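Student: I have not seen this structure before. Could we go through a few of its features together?

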Amino acid sequence: MLFRNDRRIKMDHPLASHLLATIEHDLGQFLEELTAEEKEHCGVALGSAYAHLSSYFAYYQTGTEQGYQLVNPRHFPSTMPNFFTVEVNNAYSLWGSSTTVGSGLAAGLEAVGYAVAATERGEETAMLAGGLDELNDFNQHLLDAAGLRAPSSSVRPFATDRDGTVPGEGVGAL
């Protein structure tokens, strides 16, 4: 859990908590010093390939097995793809655009590209952009199906004998 402006933000997925902690650590002071007018033109763009898939499954499993009346109401928002982005907007009172990119394993990079284009077009003065991905069966199967998973299980992106990538988790924001 993270506390922002005396407001408790509950994140069911640890990567979401890490994302907010990363933003707070690296950008918190900057975001706090923005004027109300600047916050009106500061947007958020985050990308993920199902970075809270486990939260989806927990919600639906409880609902289907035990009944939806027994699901914790705080779990429902995490079933929506734009949940993290909206939480970041609200945590810092950023009233610009709120954009979620869910295009696959490169969604975080696409969110950064989207943010750059939005500022270049003048739609936003500034954008907070990044991504988060978890290690889950869906992402691993996606890499296997695309033939991108390294049979050697070694990370060697610049080696001449590289043979793919290794699935992992990560969070980044700028």
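Student: Is Leu105 buried or exposed, or something in between?

Tutor: Leu105 counts as partly exposed, because its relative accessibility is 36%; buried means under 20% relative accessible area, exposed over 50%, and partly exposed in between, with a 1.4 Å probe and protein chains only. This is a predicted model, in which local features need pLDDT of at least 70, side-chain atom pairs count only at pLDDT 80 or more, and totals for chains, interfaces and linings use all residues. Residues are numbered from 1 along each chain as its sequence is written, and side-chain values use heavy atoms, with hydrogens and water left out.

Student: Where is Leu105 placed?

Tutor: Leu105 lies in the loop between β4 and α5 (107-120).

Student: Switching to the sheet, in what order do its strands come?

Tutor: The open sheet has 4 strands in the order β4-β3-β5-β6, with mixed pairing. Strands here are DSSP runs (E, at least two residues), and helices are runs of H or I with at least four, numbered from the N terminus. Two strands pair if DSSP finds at least two bridges between them.

Student: Which strands are at the edges?

Tutor: They are β4 (98-101) and β6 (170-173), each pairing on one side only.

Student: And in what sense do β3 and β5 pair?

Tutor: Strand β3 (residues 42-47) pairs with β5 (residues 126-133) in the parallel sense, over 6 bridges. Ala45 has Ala129 in β5 as its bridge partner.

Student: What about Asn89: buried or exposed?

Tutor: Asn89, in helix α4, counts as buried because its relative accessibility is 5%.
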